[in-house]
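Thank you all for coming. I would like to walk you through one protein chain today, going from its overall build to its inside, so please keep the picture in view as I talk.

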Amino acid sequence: MVTRRLCTAYQSGKRQAALFVVSLLFGLMFINTGLNKFLNYMPVPKDMPESMMKVMTAFMQVSWLMPLVGTIEIVGGALFIFKKTRALGAIVILPVIVGVLLTNIFNAPSGLPIALVMLLINLWAIIDNKDKYLHLIE
């Protein structure tokens, strides 16, 4: 009986550590992409599809759009890292992930696998924290 409890506690600890690492990497990825929208330190790939270049040019024409998305990515990524604020971070980041997913589906299919993984991680966080959202719809 004691061994079973120890194994369960050990597995739970490993699960929590794995969830924290996934949340940390997810949050840092969004913080990084958000900061890049302000500091432009990541080079644009040379093999970017022409349709994607047109989309990016159009986004740049709306002067407030990229700073807004960058701010949302930084704030949402930071919130996602910590368990206490992960539910809020997941909701803040969701519209950005939907945009990334649609952009990859229609303009740059090579990025679709990572976009799907990011969507699944975000959906996991939303489902894992569903009890925090229920009072909003009651």
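**From overall build to core**

What we have here is a predicted model, and its protein chain holds 6 helices and 0 strands. If you follow the chain from the N terminus, the elements run α-α-α-α-α-α. The radius of gyration is 18 Å, well over the 14 Å that the globule rule gives for 138 residues, so the chain is more spread out than a compact globule. Along the principal axes, the C-alpha atoms fill a box of roughly 65 × 35 × 25 Å.

Now, which residues of the largest nonpolar core touch the most other members? That core has 16 residues, and the ones in question are F26, F30, F80, A90, I93, I97 and Y133. The elements that contribute two or more residues to this core are α1 (2–39), α4 (86–106) and α5 (112–128).

Let us take Y133 as our example: once its neighbours within four places in sequence are left aside, Y133 is in contact with A87, A90, I91 and I126. For the chain as a whole, if we take contacts between residues at least 6 apart in sequence, 67% of them join residues at least 24 apart.

How values were computed: Residues numbered from 1 in each chain as written. Predicted model: local features only at pLDDT ≥ 70, side-chain atom pairs only at ≥ 80, totals over all residues. Heavy atoms only, no water. Helix = DSSP H or I, 4+ residues; strand = E, 2+ residues; numbered from the N terminus. Rg over C-alpha atoms; globule rule 2.2 N^0.38 Å. Contact = heavy atoms within 4.5 Å. Core = buried A, V, L, I, M, F, W, Y, C linked by side-chain atoms within 4.5 Å. Buried < 20%, exposed > 50% of the residue type's maximum accessible area, 1.4 Å probe, protein only.
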